[in-house]
Amino acid sequence: MTLWRLIGKEILHRKGNFALSVVGVTVAVGSLVATVAVLKLHDLRTGQIIARKTAETEAVVRQRKNDADRRAAELKEAYRKIMLQFGYNLAILPADEPVVPYGVQGVPTKTMDESAVKTLSGSGIMTVQHLLPILRSRQVVIHDDQRLEVFLVGTRGEIPIAHRDVKKPLLASVGTGEIILGADVAAELGVDRGETVRLIDRQFKVAKVYDRRGSGDDVTAWIDLATAQAMLGRKGRINAILALSCLCTGAQLDNITKDIVRILPGTRVHVETTNAIIRYEARVRAAEEARSQVLQAARDGREDIERAKAARAELKGQIEAVTAWLAPLVLVVAAIWTGLLALGNVRDRRVEIGVLRALGLRSGQVLVVFLARAAGVGVIGALLGYLAGSLAAGAWRGDPPAGETFSPLMLAVVVVAAPLLSVLAGWAPATLASRQDPAEVLREE
Amino acid sequence: MLEIHNVGKTYQRSDGKVAALREVTLSVGAGEFLAVRGPSGSGKSTLLLTAGALLAPDTGSVLVDGADAYALSLDRRAEMRAGKIGFVFQQFHLVAYLNVRENILAPSLAAPSEGAGARAAELMERFGLGGRADHTPGELSVGERQRVALARAMLNRPTLLLADEPTGNLDEVNGRLVLDALAEFADAGGAVLLVTHDPGAAEKAHRTAELIDGRLVEEAGALA
């Protein structure tokens with residue numbers, strides 16, 4: 001016969017009292033475990049929501065970025081095509097050159113020193129390229145008995161810009177004694193490469209005939225600049241420096257113009273605006289819009305995620321606020337409940353305790369009998385409470401599954417803490433039992 | 001075995017003090033069976049509890065096997081009860097949820113011994129309880145319950161057996177059986193102190209005394 005057997009048989013004998021005590025601990029532990037599990041599930045659910053929203057945002061951003069990249073690629077291709085079609089879009093002219101004669105493909109009347117192109121190429125300017133000094137006039141080209149008035153452009157070829165990599169020139173240089181003809185000029189004169197034409201008082205060999213460009217180039221002839229200067233009596237002088245700027249617009253062009261005028265005082269910049277530029281500008285705007293949409297989608301996604309986080313945090317705060325007063329209340333009620341039941345057990349066993357004391361049981365052994373019973377209540381209540389709390393939390397939240405709420409640490413904590421609390425709650429009744437005077441009980445009986 | 005010297009015990013009640021024992025002196029030696037008779041309220045139960053190291057007297061001393069019971073600590077006194085004293089009560093006071101064997105073995109909770117199981121079996125056989133080992137007190141007759149209580153009192157081979165109205169709830173046959181058992185215990189060298197209000201219950205005693213208003217006023221035979 002052992003105390004443990006005595007305790008076990010007493011529990012079986014007074015199942016109701018023991019079961020009610022276990023229910024008290026189970027409810028308390030279950031409530032706490034369920035609360036913690038709900039909070040954990042809440043965090044898991046929050047993680048899922050944020051992950052889903054993040055994935056959705058990333059998908060939208062990726063889609064829009066793909067759109068933007070596609071448009072950028074289209075723009076790059078368009079740029080390339082426009083460049084081929086457009087040629088030079090800037091003309092740097094003497095400041096006193098009237099706009100109109102030049103603007104309608106007329107003949108410039110003013111000149112400037114050829115050294116200006118050297119100054120510009122060595123200036124470090126970043127916004128222009130393909131510098132081409134020209135001397136331009138209207139002249140008649142003769143082939144056999146065909147005469148045709150054309151724009152004559154004397155050029156020495158593009159001037160490399162000192163700080164840039166050498167680019168393939170838009171216009172090839174022309175050798176001395178050679179002439180390059182635009183497509184319409186060659187067609188009108190019926191001349192082809194290798195033949196000769198006469199210009200003013202000199203014969204020139206046709207070095208090249210350009211394909212049709214759909215621009216003023218088709219009615220233009222190019223010869224070497226020095227020859228042109230000599231033939232036109234304008235030695236060391238040029239009318240303009242043609243250049244290609246970025247396909248920029250508005251304020252950017254204003255800045256380019258200011259840069260050039262700062263480098264070359266006494267000049268002004270004429271910007272050729274064409275339908276190509278307008279189309280290009282529209283595409284630039286579309287590309288910028290696409291890029292903007294990417295950024296906006298990312299911003300919207302981030303804001304959506306932040307809103308979801310805030311809402312979830314607020315909900316969690318509300319749960320925690322309820323828990324803050326509910327948890328202690330449940331613990332106190334459970335402690336009172338188990339304490340009262342333990343007291344009832346002591347009262348029920350008053351004579352039994354007296355007899356056992358008369359048979360020689362020490363008060364410490366009586367204390368052990370009741371505290372061990374309380375610990376048993378705590379252990380069983382902890383296990384049942386943990387199970388009930390986890391299942392309840394899982395059933396309430398539904399998704400994610402309840403299995404994700406299993407925490408060995410939490411289980412360990414309740415299996416240790418619940419018996420301790422149960423023992424504390426049963427301490428006073430157990431002490432009462434151990435200090436009971438057996439003589440008083442037996443005398444009364 | 002048991003020596004009580006000038007023991008006095010007074011209870012404080014709402015209507016004043018009541019003297020339960022007044023300068024009681026007696027002794028029960030080995031092999032003696034002393035019956036103390038007295039009417040209800042004469043102090044018999046107080047005398048028995050005091051003799052059993054359960055109720056400290058206000059005055060006097062109680063020696064069990066030469067040891068002053070109330071000079072001992074509570075735990076040592078509990079050890080004394082477990083090892084030297086057996087109790088038999090009128091109400092039996094068996095533990096309801098333990099079976100016969102376990103009730104008989106209950107004293108071994110306080111004083112475990114390897115031979116307790118065999119001793120319990122021996123006592124069950126001696127008191128005709130062999131077929132009742134797994135029965136709970138609720139399943140026993142009144143006589144069987146008192147025999148279980150007797151067996152429980154004898155488990156640890158005490159030197160002193162204290163019996164409080166052990167036949168009070170029994171029929172004549174069972175009452176005689178209990179008294180015979182007490183006499184046999186004394187014959188075997190034990191000391192028995194029986195308190196009862198029934199003159200017939202004292203017939204088996206070697207000596208008798210009477211307790212009236214807390215005083216031991218009469219004795220048949222010589223008190224030490």
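This report describes the two chains of a predicted model, their contact and selected local features.

## Basis of the model

The model is predicted: local features need pLDDT of at least 70, side-chain atom pairs count only at pLDDT 80 or more, and totals for chains, interfaces and linings use all residues. Residues are numbered from 1 along each chain as its sequence is written, while chains are lettered from A and ligands numbered from 1 in the order in which they are written.

## Chain composition

Chain A contains 12 helices and 11 strands, and chain B contains six helices and 10 strands. Helices (H or I, at least four residues) and strands (E, at least two) are DSSP runs, numbered from the N terminus.

In chain A, 35% of the 445 residues are buried; in chain B, 50% of the 224 residues are buried. A residue is buried if 20 or more other C-beta atoms lie within 10 Å of its own, exposed if 12 or fewer, and partly exposed in between, with C-beta atoms placed from the backbone. For contacts between residues at least 6 apart in sequence, the share that joins residues at least 24 apart is 82% in chain A and 68% in chain B. Two residues are in contact if their C-beta atoms, placed from the backbone, lie within 7 Å.

## Contact between the chains

Chain B gives 26 residues to the contact and chain A gives 22 residues. On the side of chain B, the elements that give two or more residues are helix H1 (44–51), helix H2 (74–84) and helix H3 (100–105). H2(B) supplies the largest share, six residues.

By type, the residues on this side of chain B are 17 nonpolar, five polar and four charged. Here Ala, Val, Leu, Ile, Met, Phe, Trp, Tyr, Cys and Pro count as nonpolar, Asp, Glu, Lys and Arg as charged, and the others, Gly among them, as polar.

## Nonpolar cores

A nonpolar core is a set of buried Ala, Val, Leu, Ile, Met, Phe, Trp, Tyr and Cys residues joined through C-beta atoms within 7 Å. The largest has 118 residues, and those with the most contacts inside it are B:Ala151, B:Leu182, B:Val192, B:Leu193 and B:Leu194. Beyond its neighbours within four places in sequence, B:Leu182 is in contact with B:Phe33, B:Leu161, B:Ala163, B:Val192, B:Leu194 and B:Lys204. Another core, apart from this one, has 45 residues, including A:Ile92, A:Ala186, A:Ala240 and A:Val269.

## Local features of chain A

Strand S6 (residues 196–199) and strand S7 (residues 202–209) of chain A pair in the antiparallel sense over four bridges; pairing requires that DSSP finds at least two bridges between the strands. A:Val197 has A:Phe204 of S7(A) as its bridge partner. Two residues lie between the strands of this hairpin, in which A:Ile200 takes a positive phi near 55°.

In helix H6 (residues 225–232) of chain A, the buried residues are A:Leu225, A:Thr227 and A:Ala228. Seen down the axis of H6(A), these fall within an arc of 160°, so they line one face of the helix; the arc is that of the directions from the helix axis to the C-beta atoms. Just after H6(A), A:Gly233 takes a positive phi of about 70°.

B:Arg215 belongs to strand S10 (residues 215–220) of chain B and counts as partly exposed because it has 16 C-beta neighbours inside 10 Å. Although B:Arg215 and B:Val24 are 191 residues apart in sequence, their C-alpha atoms are 6.2 Å apart.

B:Ala116 lies in helix H4 (residues 116–126) of chain B and, with 18 other C-beta atoms within 10 Å, is partly exposed. Leaving out neighbours within four places in sequence, B:Ala116 is in contact with B:Leu105, B:Ser108 and B:Leu155.
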